[in-house]
Amino acid sequence: MSMHIDAKPGQIAPTVLVAGDPERVEYIAQRYLEDPVCVNRKRGSLCFTGRYQGRRISAMATGMGIPSMLIYATELYRDYGCETILRVGTSAGYLPGMRRHEIVLSQAACHTSALNDGLFNGTFCPIADFGLLVRAWEAARARGVGVYVGNTVCNDRIYRLRETYRSAAWQQYGVLCSEMEGAGLYTAAAQFGKKALMLVSILSHITVDEGGQETITPLPERADGSMDDAILVALDTAAAVEKEREDGAV
């Protein structure tokens with residue numbers, strides 16, 4: 001057990017899907033995992049362990065924001081020996097042509113947080129594991145899902161003051177989308193020498209006016225896309241990782 005997780009040693013798989021919402025985690029377990037067992041309920045952060053494509057996988061809720069993600073990623077890596085964490089989240093996109101439930105694979109996580117201030121004599125830029133990134137890209141293409149790869153930005157605040165936050169530079173410099181947990185996950189992975197990848201499903205679009213102020217508008221639902229697209233890509237990636245682990249390739 002750890003400070004925030006009640007699971008016993010060995011009850012959480014080496015590869016874990018994480019999501020902020022415990023209901024999404026429960027949905028993943030009940031719909032996609034074979035014989036799922038709930039191994040943690042402490043603080044409402046449900047964790048289930050089961051099998052997908054015959055491979056042992058866990059799914060766990062981490063709550064919202066960098067601090068919550070950093071707590072759970074740290075304890076999963078440090079205390080439970082987890083090797084790989086895949087975040088399945090939601091996001092607002094900057095690109096005009098993005099459609100609802102297309103997927104962004106976060107290659108690197110810009111952020112507006114002070115989480116690493118004082119640790120470095122410069123700016124630390126946390127990034128994804130390249131092997132996971134490639135596997136997820138291949139999984140998305142195999143399923144015919146719209147997918148983007150690139151920089152994302154992780155924000156401390158979801159409700160931002162218009163007069164103090166300007167996002168024109170993020171858009172201008174090619175950042176694909178905005179979310180709230182990626183930098184915490186990638187920082188923890190770097191600290192413990194483990195692997196991480198964030199996959200986010202686009203739910204809304206960010207427009208930036210001439211003054212640099214942003215407006216977030218929900219994107220219309222699609223008959224040919226859903227949150228399950230990102231979930232399945234993450235599960236396919238997790239199964240590939242576990243197969244390689246069983247084969248001794250990782």
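Buried here means under 20% relative accessible area, while over 50% is exposed and anything in between is partly exposed. Keep that in mind for the views below, which come from a predicted model.

**View 1. Helix α2 and its buried residues.** Helix α2 covers residues 66–80. Its buried residues are Ile-66, Ser-68, Met-69, Tyr-72, Ala-73, Thr-74, Glu-75, Leu-76, Tyr-77 and Tyr-80. So what's covering them? The cover includes strands β1 (15–19), β4 (55–61), β5 (84–93), β7 (147–154) and β9 (195–208), along with helix α5 (182–192).

**View 2. Helix α2 from end to end.** How far apart are the end C-alpha atoms of α2? They sit 20 Å apart, and this agrees with the 21 Å that 15 residues should span at 1.5 Å a residue. Just after the helix comes Gly-81, and this glycine takes a positive phi of about 70°.

**View 3. Arg-31 meets Asp-228.** Side chains of opposite charge can pair when their charged atoms come close. The structure holds 15 salt bridges, and here we zoom in on the one between Arg-31 and Asp-228, whose closest N and O atoms are 3.5 Å apart. Arg-31 belongs to helix α1 (residues 22–32) and Asp-228 to helix α6 (residues 228–246), so the pair ties together parts that are 197 residues apart in sequence. Are the two partners buried or exposed? Arg-31 counts as exposed because its relative accessibility is 54%, whereas Asp-228, at 14%, is buried.

**View 4. Glu-246 meets Arg-55.** In this salt bridge, the closest N and O atoms are 2.3 Å apart. Glu-246 lies in helix α6 and Arg-55 in strand β4, so this pair ties together parts that are 191 residues apart in sequence. Glu-246 has a relative accessible area of 49%, so it's partly exposed. Arg-55, with 19% relative accessibility, counts as buried.

View 5. Lys-194 forms a salt bridge with Glu-83, and their closest N and O atoms are 3.7 Å apart.

**View 6. A salt-bridge network.** Which residues are linked here? Arg-99, Glu-102, Arg-222 and Asp-224 are joined in a network of salt bridges.

Definitions and conventions:
Residues numbered from 1 in each chain as written. Predicted model: local features only at pLDDT ≥ 70, side-chain atom pairs only at ≥ 80, totals over all residues. Heavy atoms only, no water. Helix = DSSP H or I, 4+ residues; strand = E, 2+ residues; numbered from the N terminus. Expected span 1.5 Å × (residues − 1). Buried < 20%, exposed > 50% of the residue type's maximum accessible area, 1.4 Å probe, protein only. Contact = heavy atoms within 4.5 Å. Salt bridge = Lys/Arg side-chain N within 4 Å of Asp/Glu carboxyl O.
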